[in-house]
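Dear colleague,

I am passing on the structure below, followed by notes on what was found in it. Please read them alongside the model.

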Amino acid sequence: MDCFCGLNQLEEIKIEADMGAEPIWCQKCGANLELVDVPLSPSLKNKLNEWALSYGKWIDWKEDKLKPNGMKMEDEHNKIGESLTVKVKEELQDVLNVSFSPTKIADIYIKKAEGAN
Ligand SMILES: [Zn+2]
């Protein structure tokens with residue numbers, strides 16, 4: 001399997017949620033991969049997609065601040081991401097190395113709020 005950048009053989013992928021992005025990335029070049037190109041079962045793709053779409057629900061984007069229980073919501077999101085990563089590993093264990101990169105935007109907002117005091 002090749003990375004769509006055309007330069008790399010896809011060997012290692014990273015599961016990471018980001019705004020408006022697909023949840024799977026090439027670990028080598030950082031390219032965002034199309035979920036449809038990754039050989040996963042449709043049900044797991046659906047779950048990954050849902051998970052990616054729920055990224056940032058703990059941020060009030062309009063006010064640009066963390067929601068009251070934002071830290072906990074982010075933790076939950078990361079836990080789901082970890083368990084999905086386990087499933088991705090199961091499906092791709094002979095093909096690719098898979099790692100998980102947790103989201104840490106709550107930290108950034110907390111630091112920002114502290115800095116404002
Ligand atoms: Zn790549």
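How are α1 and α2 oriented to each other, roughly parallel or roughly antiparallel? Before the answer, two remarks on conventions are needed. This is a predicted model, in which local features need pLDDT of at least 70 and side-chain atom pairs count only at pLDDT 80 or more, whereas totals for chains, interfaces and linings use all residues. Residues are numbered from 1 along each chain as its sequence is written.

Helices (H or I, at least four residues) and strands (E, at least two) are DSSP runs, numbered from the N terminus. α1 and α2 pack at an angle of about 155°, with their axes 11 Å apart; the axes are lines fitted to C-alpha atoms, for helices over the stretch in contact, and angles run from 0 to 180 degrees between N-to-C directions. The two helices α1 and α2 are therefore roughly antiparallel to each other, given that angles under 35 degrees count as roughly parallel, over 145 as roughly antiparallel, 65 to 115 as roughly perpendicular and the rest as oblique. In this packing, Leu44, Lys47, Leu48 and Trp51 of α1 meet residues of α2 that include Ile80, Gly81, Leu84 and Val88, where contact requires C-beta atoms, placed from the backbone, to lie within 7 Å.

Buried in α2 are Glu74, His77, Gly81, Leu84, Thr85 and Val88 (a residue is buried if 20 or more other C-beta atoms lie within 10 Å of its own, exposed if 12 or fewer, and partly exposed in between, with C-beta atoms placed from the backbone). These buried residues pack against β1 (12-15), α1 (42-53), β6 (97-100) and α3 (105-116).

The strands form an open sheet of 4, in the order β3-β2-β1-β6 and with mixed pairing, where two strands pair if DSSP finds at least two bridges between them. The edge strands, each pairing on one side only, are β3 (32-33) and β6. β1 pairs with β6 in the parallel sense over 4 bridges, while 3 bridges join β1 to β2 in an antiparallel arrangement. Ile15 stands opposite Phe100 in β6, and the bridge partner of Ile15 in β2 is Ile24. Across β1 and β6 lies α2, running at about 180° to β6.

Best regards

Key. Contact = placed C-beta atoms within 7 Å.
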